[in-house]
Amino acid sequence: MKTLLTHIEALLKDSSNAIEKSDSLEQLEQVRVQFLGRKGKVADLMPLLSALSLEDKRTAGPAMNECKTVIEKLFDSKKQRLIDTTLAAKEAASKYFDVTAYTARPHEGSLHPYTHVTKIITDFFTQLGFQVADGPEVETEFYNFEALNIPADHPARDMQDTFWLKIPGLLMRTQTSNVQIHSMKKNTPPIAVISTGRVYRNEATDASHDCQFQQLEGMFIDKNVSLSNLIATMKLFLQTLLDDKNVKIRIRPGFFPFVEPGIEIDASCPFCTAGCSTCKHTRWIEMVGAGLIHPNVLKAGGINPEKYRGFAFGFGLTRLVMLKYGISDIRLLHSPTVEFLKQF
Ligand code: DAH
């Protein structure tokens, strides 16, 4: 009898410890089987109980039952606590998130090479007091040609194969020089503007030609504007753009109907010292078309050529972007290929 009671006491202690230590429902179930199962530790005591005298059974029997009930209660309460904490953890996980947890980095965009170069250009000219102007891409014959001293029968029209619209007199602009006339009509001198944008030419596409590309146009009109103002501005500009203070410039005569005299400006090649494929082994790179604005153009823009003079310049922004970043195919520059664009 004494032995049985000692066993019951030990069983209560052991089961209570084991139940308390269980930290998952699976583990708790194993403990339950271990103590309350058909072949468990409680069942193991039954032979000891049956071996007792009737009188002893009267005390030991209820003690056994009590022991079983206590273990069951401990088990039930632990089970409930484990369920509660699992639910609480699930709920917390859905409400809060770990800000330090790893997540895949989203793909970051980058600026297009055109945007980079346009920013360098506009920063430079706005510091000199130029304003940024804009002009229409669908243009009239007047702004794209006539006002720029290119009448209908002028051979210069053939130099720029034009996309004509079905509406007579309308075209896709072939040059950003149309902005010159719009700016003259909108403002009174002194006028200092630059403009970048798309132009269109009816040309076959290959690595260096596209039917659509970008140009930069600039113009300054005031009372005493001279060719040396133009040359000084262009020299500083090209040095800034090519990011090299040692860049030299070379002036050649050039023909453009809207300027007189007309010049072409070359920059010394910033990429080599003894000739390379970019400068076609000449050490010079053709950069800008420019000159003093033709009196006919000033007149067309409503400005008195007796009172005012101006300089104008223009160049292919597309070509420049390709030069600056060593892009060998214009089709890449104008494509949405992410692998290519990611590099900038
Ligand atoms: N519009 C010319 C072209 O498309 C470039 C140009 C040359 C613009 C001389 C000018 C200039 O303003 O003065 O080829």
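Reader: How are residues numbered, and at what pLDDT do local features and side-chain atom pairs count?
Author: Residues are numbered from 1 along each chain as its sequence is written, and side-chain values use heavy atoms, with hydrogens and water left out. In this predicted model, totals for chains, interfaces and linings use all residues, while side-chain atom pairs count only at pLDDT 80 or more and local features need pLDDT of at least 70.

Reader: How many residues does the largest nonpolar core have?
Author: A nonpolar core is a set of buried Ala, Val, Leu, Ile, Met, Phe, Trp, Tyr and Cys residues joined through side-chain atoms within 4.5 Å. Buried means under 20% relative accessible area, exposed over 50%, and partly exposed in between (1.4 Å probe, protein chains only). Ile121, Phe125, Phe237, Met287, Val288 and Phe313 have the most contacts inside the largest core, and its residue count is 42.

Reader: Which helices and strands each supply at least two residues of this core?
Author: Helices (H or I, at least four residues) and strands (E, at least two) are DSSP runs, numbered from the N terminus. The strands that each supply at least two core residues are S4 (191-200), S7 (259-268), S8 (284-293) and S9 (309-316). The helices that do so are H6 (113-127), H10 (227-241), H12 (317-325) and H13 (330-333).

Reader: What is Val288 in contact with, leaving aside its neighbours within four places in sequence?
Author: Contact means heavy atoms within 4.5 Å. With those neighbours left aside, the partners of Val288 are Met234, Leu238, Ile263, Glu264, Ile265, Phe313, Gly314 and Phe315.

Reader: How many residues are in the second, separate core?
Author: Ala133, Tyr143, Ile181 and Met219 are among the members of this second core. Its residue count is 23.

Reader: Which residues of H12 are buried?
Author: Just after H12, Gly326 takes a positive phi of about 65°. Within the helix itself, the buried residues are Leu317, Thr318, Leu320, Val321, Met322 and Leu323.

Reader: How many salt bridges does a search of the whole structure find?
Author: A salt bridge is a side-chain nitrogen of Lys or Arg within 4 Å of a carboxyl oxygen of Asp or Glu. One of them joins Glu108 and Arg105, at 2.8 Å from N to O. Glu108 is exposed at 52% relative accessibility, and Arg105 is exposed at 68%. The search of the whole structure gives a count of 12.

Reader: How many residues apart in sequence are the parts that Glu264 and Arg252 tie together?
Author: The closest N and O atoms of the salt bridge between Glu264 and Arg252 are 3.6 Å apart. Arg252 is partly exposed, with a relative accessible area of 27%. Glu264 lies in strand S7 and Arg252 in strand S6 (residues 249-253), so the pair ties together parts whose separation in residues is 12.

Reader: Is Asp329 buried or exposed?
Author: Asp329 forms a salt bridge with Arg331, at 3.0 Å from N to O. Arg331 is partly exposed, with a relative accessible area of 41%. Asp329 has a relative accessible area of 19%, and therefore counts as buried.

Reader: Which backbone nitrogen lies 2.9 Å from a polar side-chain atom of Gln215?
Author: Gln215 is found in strand S5 (residues 212-222) and is buried at 12% relative accessibility. The backbone nitrogen 2.9 Å from its side chain belongs to Thr176.

Key
A polar contact is a pair of N or O atoms within 3.5 Å; within protein, one must be able to donate a hydrogen and the other to accept it, and residues adjacent in sequence count only if both atoms are side-chain atoms.
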